[in-house]
Amino acid sequence: MNFALLSLAIPLFCGLLLLLSGRALRTRTTGFIVIVSTVASLVAAWFALQEAAAAGADIMLNLGGWETGLAIRLRLSSLSALLLVFTALMHLLIGLYAGLSRDGIKRDYWALSCFLHGSLAALWLSADLFNLYITLELLGLTAVAMVALAGPKAYKPAANYLILSLAASLFYLLGVALLYGRYGELDVLLLAPRTQADVITRLALLLMTTGLMLKAALWPLHLWLPPAHASAPTAVSALLSGLVVKGPLFILWVLWSEVAPPTLAQQIGPVLAIAGMIALTAGGLSAMRSPHIKTLVAYSTVAQLGYALMALGLLLTWQLPQMHIALWLFVIAHGLAKASLFLAAGEMQSSLGTKRVDGLRGATQTVPVAMFAFAVAGGSLIGLPPSGGFLAKWVLLEPILSEPGNWPWAMGVLLGTLVSAAYIFRIVAISFDRAQINPLDINPDRVGHWLALLPALMVWGMALSGEWLIRLLAGGPV
Amino acid sequence: MTPELLPDLTLSLLLLIMAWGALYAPQRSDAMTLFIAFGVVVALIWARLDAPDLALAEAAIGAGLTGVLLMHAARALPDELHQDYRTASYWGALGFTVVASLMFLVHLLYDDSLFNAGLLDTESDLTPRLRTLADAAVPESGVEHPVTAVLLNFRAWDTLLELLVLLFALGGLRQLFPSGQSDDSATTASWPESMTLMSAWTRVLAPLLVVTGGYLLWRGSSAPGGAFQAGSLLAAAAVILRLTGLLPPLRWSSLWLRLSVVAGALFFLAVAAATAIWGDGWLTYPGAYSGLLIISIEIFATLSIAITLSLLVIGEQEDLRS
Amino acid sequence: MINTITDVLGWSFMLAGSAFFVTAALGLLRFPDLYSRLHAVTKTDTLGLGLLALGLALLDPSWRSCLILLLVWMLVMASGAVNCQLLARFNLEQEEGRHGGDGHQTGESDDA
């Protein structure tokens, strides 16, 4: 457990010390310090993962040494350890890009990204509904601050994001208060066997679900996401799409698969799965029509979250705990692929001097590496084998295809795949248009392009360790 | 019917009227005044509910500091903005209310447990288990007051994260001021002549606030009070002093300011890490020192809360970006 | 016997105090301009609160609560007087010069 806590404490300490240091350090040095601390956090998270995998069961820690119920409990499961590793890895990849690419980034990015890392780590480890609320608040505040890093043009999306995020938090908090009033417990595992399908529980779960879906930008509460993610600085967009929206999703999963009574979960399951299917199509169609590169990528996040929502819905409908493997594989594959997409999109934007999709004409010739990164990451979003996206989709389809009665759901997955392919190929097709090449605006930054490719290569590498990941998520011996 | 019901009902009614007025007052200044009054009524209600610590925090932050913040913001806003915003938000709010109440109704009708099992029966089996657990553990916590024990011992992790919430809010605010150039035009606000009286009165009020803040902090271990209340009172003192120009600008470039902003969270986190490395576990205070640790955490937290809150309220370009 | 006398006295002081508050509210609503309204509010506030405090002190005649009530009364009286002066002076300045000063808005909320 101490390794997990170390992985959580390092970024928090680093962020606080950076705030304290003010302007004493140069921005480059700051970036270097943050990258080093992220590596340290990654190593600690890796050891935590080993520990969790070796333990076989969840490791619980009663904070303060108080008895269960009174204390806040932290839970290190193989999933939360994996998510710790994933978070640190994403921060490392994006931090490397932010530090080494030519454009650079504002000094405050570094402290904020440390805080974001710490908040996410606290969220993955928490097993207490109220504590989860505070981590949600932390997550929302840092995310808003990071959107505002882009300067005055991002203030309006950031303000909308802030207000919606606060409203969503209040929904969640009201639900927590109702559950606490009804059962007198806040601990997830103590609450789990006691919940009944009565009015207060229903109302509480409904309120919390609304708040969490709003925070995770799950269809139909996604409208704030594209402007906020598209207007943020490139590295921030990558962090927001790849990581931040996954936090509320985690709580949603905990809430419905553990806290909610199974009868209620079975009722809500199909609703969530259908919302996921609609998200896949509607988000994908919006992405296809969007004229700007970054907005397209942001809408693709809305669409891809549909897969996760669908996996969650089907998990609840059939009460199949194995489905959570598909859910979290989607989350990890999407996080890596989306980081690559946003970084590549940002690099292409600055190299070509245009924000519009039409401006990508001939991009295969002018910015080949970035375009390659975009295509490779897009391949994982579509689910081309042997990418991480394919792995997740395979695990999702397995139980769907095994029963003829479940085949309609497979249509949803198929539709989603087609739409994803459509918006990715739209970009790729334009980039191969070498008849009217859009010339380079500035000399491209080679390092940045290669760094954008890195997460995309990792998501394809995920398939190589697929069996290991699946066994890890299943909770078995690794 | 008890006689206490009358003031309670009056307060509840007043609260609703204030809320309605704050939302739908035609003038922005009226709405703001009503919102401040709303904060005062909420504070009174907390006091009626036997939660004096919440009442204090609400009065200081909900009514006092938020009031200053609103007035500050109103000065910077153009007048016509108000109208547009209202119509848009009005329809949004209406639609939302309709949808939400429909969802709620469907939800209730879908389920008959309201009538069978009943909402009212559940109260009998609602055992305040956590309450008894907490009360039993208070003597071991190092402080006497149960609220302080919960905040700084049983659920110290929550409080640590809450301190970070405040800090992150400040981090977000800093992004609203572009770095580098600072325009001198905004720095010198012209005070009207009558402000001399104001500053004289502030010279009396501020020491009183500081003394009260210190008292609340000290008292927190045995009675309602503690770091948050003390911090918000100190912040109020700092805000008044700053507004009357008696306090120099709180400059972010000064190391002491940054140190006091992060001191609370940093010290708390250091305690957590130290207990994890050398002690019995993350935030498990060693028994003999728990009282001492809690009071030192509270002192640092008070400092951080006070400075952070005052920066959040009156932080301007030259404060946050110099 | 003493008890009942102080009780009666205490309650009648409190009633009188409340009556002053009512007149203050009436004055605030009915008086024509800022200065007379300020007059109504502050004067009756001071007196009304004083009477209330006196009545409460008679009902609970321990030294501690008497002292606290006295302090409360003095603090409210002082801040009321200062606020009244601030508002009136600010308004006067505005009427005379029509210049300078939007600082008043921030000034008046400090005692909330």
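**Chains, domains and helices**

Biologist: Into which domains is chain A divided?

Modeller: The bounds come from an automatic or database domain assignment. On that basis, chain A of this predicted model is divided into domain 1 (1–127) and domain 2 (233–474).

Biologist: How are residues and chains labelled, and which pLDDT do local features need?

Modeller: Residues are numbered from 1 along each chain as its sequence is written, while chains are lettered from A and ligands numbered from 1 in the order in which they are written. Because this is a predicted model, totals for chains, interfaces and linings use all residues, side-chain atom pairs count only at pLDDT 80 or more, and local features need pLDDT of at least 70.

Biologist: Which helix gives the most to the side of domain 1 of chain A that touches domain 2 of chain A?

Modeller: The C-alpha centres of the two domains of chain A lie 24 Å apart, and their contact (C-beta atoms, placed from the backbone, within 7 Å) takes 23 residues from domain 1 and 23 residues from domain 2. Helices here are DSSP runs of H or I with at least four residues, strands are runs of E with at least two, and both are numbered from the N terminus. On the domain 1 side, helix 3 (78–100) and helix 4 of chain A each supply at least two residues. The most, 12 residues, come from helix 3 of chain A.

Biologist: Which pair of chains has the most contacts, and which chains do not touch?

Modeller: Two pairs of chains touch, and the most contacts are between chains A and B. Where chains do not touch, the nearest C-alpha atoms are 24 Å apart, and this concerns chain A and chain C.

Biologist: How does the side of chain A that touches chain B divide by class?

Modeller: In this interface, 44 residues of chain A are in contact with 49 residues of chain B. Helix 1 (2–21), helix 4 (107–125), helix 5 (129–148) and helix 8 (199–215) of chain A each supply at least two residues to the chain A side, and helix 5 gives the most, with 11 residues. Ala, Val, Leu, Ile, Met, Phe, Trp, Tyr, Cys and Pro count as nonpolar, Asp, Glu, Lys and Arg as charged, and the others, Gly among them, as polar. By these classes the chain A side has 28 nonpolar, 10 polar and six charged residues.

Biologist: Are helix 1 and helix 2 of chain B roughly parallel or roughly antiparallel to each other?

Modeller: Helix 1 (residues 5–24) and helix 2 (residues 28–48) of chain B pack with their axes 8 Å apart and at an angle of about 155°, where axes are lines fitted to C-alpha atoms, for helices over the stretch in contact, and angles run from 0 to 180 degrees between N-to-C directions. Angles under 35 degrees count as roughly parallel, over 145 as roughly antiparallel, 65 to 115 as roughly perpendicular and the rest as oblique. Helix 1 of chain B is therefore, relative to helix 2 of chain B, roughly antiparallel.

Biologist: How are helix 10 and helix 12 of chain B oriented to each other?

Modeller: The axes of helix 10 (residues 227–243) and helix 12 (residues 290–314) of chain B come within 7 Å and cross at roughly 40°. The contact includes Ala227(B) and Phe228(B) of helix 10, and Glu298(B) and Ala301(B) of helix 12. By class it has 14 nonpolar, four polar and two charged residues. Helix 10 and helix 12 of chain B are therefore oblique to each other.

Biologist: Where in chain C does UniProt place the feature "transmembrane region"?

Modeller: UniProt positions are given in the numbering used here, feature names are shortened, and annotations may be inferred rather than shown by experiment. In the model, residues 12–32 of chain C are 90% helix and 0% strand, and residues 67–88 of chain C are 100% helix and 0% strand. The unreviewed UniProt entry places the feature in chain C at residues 12–32 and 67–88.

Biologist: Which peptide bond of chain A is cis, with omega near 0°?

Modeller: Most peptide bonds are trans. Pro386(A) is in the loop between helix 16 (368–382) and helix 17 (388–402) of chain A. The cis bond, with omega near 0°, runs from Pro385(A) to Pro386(A).

Biologist: What is the phi of Ala217(A)?

Modeller: Most residues other than glycine have a negative phi. Ala217(A), found in the loop between helix 8 and helix 9 (225–231) of chain A, is not a glycine, yet its phi is positive, at about 55°.
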